[in-house]
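Let's talk through how to read aromatic ring pairs in a protein model.

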Amino acid sequence: RLKCALLPFRLPIAPLCRKRKQMQINAWFLAIVLALVVLWKVDLFATLLNLKSLGSGIPGEFGEVVDEEAYERSQEYTRAKAVFGIGRGGFFLLVLLVFWCLGGFGWLDGRVRDLVGNGGPVLAGLVYVAALVLGLGLLRLPFDYYETFVIEEGFGFNRATFGVWVADLVKGAALAFVLGAPLLAALIWIFQSVPLAWLWGWILVTVLSLLLAYVAPTWILPLFNQYEPLPDGSLRRSIEEMARKCDYPLAEISVMDGSKRSAKSNAFFTGFGKRKRIALFDTLVEKHTEPELVAVLAHEIGHFKKGHIVKSLVIGTLTTGALFFLLGQMMNNHALFDAFGVKETSVYVSLVLFVILVSPMNEVLSVAGNWLSRKHEFEADAYAAEATGDPAAMAGALRKLSRDNLSNLTPHPFYVFLHYTHPPVAERIRALGAP
């Protein structure tokens, strides 16, 4: 049993102990704790299997692109990331359980109610959630720092200075506040005052998500990176020709200063309608041939032409709707509040508890989403091979990305099943039928 005397962070111990005595060990408590612990153990088991699969040798699909030195380096990187992930996941699970079992959610609610007085549920909700988010963010800082400046820098990936890292944190926090605070206030008001609140909440979140996707290329992404138009030349003409061939008009082709933060390479599409943009990391342009870059473009176009973007949007919207419906049913659930040691029901605490309640469900849903994503990647690869008439170019791009990003070339199938949004590269190369 947890003892209040062993509380590893400074909170008023006596009030927490009293709150703990008020908590009821009910079915909700047992079910949520069991789900969280079981899922953590499943993830740990998958990670250990993944580590065990290291050292299987360089798959033949990588030919001479990956030598023994690069292969060994990728295994070291996989081990370092895995050990770090195990420690981080275990730490945050322990923090949640300790805070919960010591009555932290109820204690914080009491302090917030005392602080805001007659300020109303919206203000109380903003303060309550802000306190939890701030506490979680502070706990994450050492892990984020270690991952960036020890692991990523140790393997030659990190290029961000400490100033850039801090600036990203500040801008991210400011953006989260500017966007998140009004949304949270609106949701609290809706669930406090409006009939069929779950439906209106779903509509609000859906509309806001679509709006952000539309304006992100112009207003949000430039806050973090610089985007310069791809210079005129052979590469630009080849990309534009491929886009015309695929009947995919591009509003802009940009090169992003990805090397400002990392040596890793990537490319992505963003926006929709007349705001479609392709962004190539400058590191990608530096390391790949023109046919390989055109193949990467064709792959991304394939996602659009095969309807993957629309399918993902529809599935995501329906899933969000289902979650909001469940939220409506769970709002102010007294048994759930008792399980978390919170004395008075409220909309804002209901939102927080619901996030914890559905987190195991989200893990299960993510497995299904990852399976669909891997299927889409195979289809986009096939589209790129057909559109370019050169499957070897796509295979070459995949080989180089794996080598340069120190990807695990021999992941365990169970780990892939749980976590991979993209198929293992060796499988993608085999599916392309490229030499």
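What follows is a short chat about rings and their partners.

Q: What should I know about the model and its numbering?
A: It's a predicted model, where local features need pLDDT of at least 70, side-chain atom pairs count only at pLDDT 80 or more, and totals for chains, interfaces and linings use all residues. Residues are numbered from 1 along each chain as its sequence is written, and side-chain values use heavy atoms, with hydrogens and water left out.

Q: How is a pair of aromatic rings described, and how many aromatic pairs does the structure hold?
A: You give the distance of the centres and the angle of the planes. Rings of Phe, Tyr and Trp (its six-membered ring) pair if their centres lie within 6.5 Å; planes under 30 degrees apart are stacked, over 60 edge-to-face, the rest tilted. There are 25 such pairs here. Take F29 and W100: their centres are 5.1 Å apart and their planes at 70°, so this pair is edge-to-face.

Q: Which helices do F29 and W100 lie in?
A: Helices are DSSP runs (H or I, at least four residues), numbered from the N terminus. F29 lies in helix α2 (residues 27–52) and W100 in helix α3 (residues 68–101), so the pair ties together parts 71 residues apart in sequence. Ring pairs also link F29 and W100 with F99, F105 and F340 into a cluster.

Q: Are F29 and W100 buried or exposed?
A: Buried means under 20% relative accessible area, exposed over 50%, partly exposed in between (1.4 Å probe, protein chains only). Both F29 and W100 are buried.

Conventions: Helices (H or I, at least four residues) and strands (E, at least two) are DSSP runs, numbered from the N terminus.
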